[in-house]
Amino acid sequence: MTRTARPAFGTLLFFAIAFALSLYFTFAAVQGDYGLFRRAEIVAESQDLRSRLAEVRMDVARMENLTRRMSDDYLDLDLVDEQARKVLGMVRPDEIVIR
């Protein structure tokens with residue numbers, strides 16, 4: 001009786017499951033919730049948020065400066081004049097407005 005050398009069904013099943021698991025974990029490592037693509041998105045989003053934070057901090061500093069210049073303790077007459085012109089549309093009697 002001759003027996004052909006073919007792998008057992010259990011061995012094939014083992015390698016098929018191992019191959020499927022390796023494909024799954026590779027896919028999850030690349031495109032999963034914690035994968036490489038998601039990490040790249042998070043890094044890019046982090047950089048965007050940092051730049052946005054810097055812009056907001058600069059805006060807050062500018063607003064604090066304007067508030068301080070318009071406060072009761074320190075009044076900047078040039079700023080008051082600028083705001084009156086800008087907000088109220090006021091001009092001095094000796095000025096000419098060119099549009």
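Lys and Arg count here as positive and Asp and Glu as negative, with His and the chain ends not counted; each charge is placed at NZ of Lys, CZ of Arg, CG of Asp or CD of Glu. With that in hand, the 14 positive and 15 negative charges of the protein have mean positions 14 Å apart. Please keep in mind that this is a predicted model, where local features need pLDDT of at least 70 and side-chain atom pairs count only at pLDDT 80 or more, while totals for chains, interfaces and linings use all residues. Residues are numbered from 1 along each chain as its sequence is written, and side-chain values use heavy atoms, leaving out hydrogens and water.

Let's step back to the overall fold. The C-alpha trace spans about 120 × 35 × 15 Å along its principal axes.

Now for the rings, which pair if their centres lie within 6.5 Å, with planes under 30 degrees apart counted as stacked, over 60 as edge-to-face and the rest as tilted; this applies to Phe, Tyr and Trp (its six-membered ring). The count comes to two aromatic pairs. Phe-14 and Phe-15 have ring centres 5.4 Å apart and planes at 70 degrees, so they are edge-to-face. Tyr-24 and Phe-25 are edge-to-face too, because their centres are 5.3 Å apart and their planes at 65 degrees.
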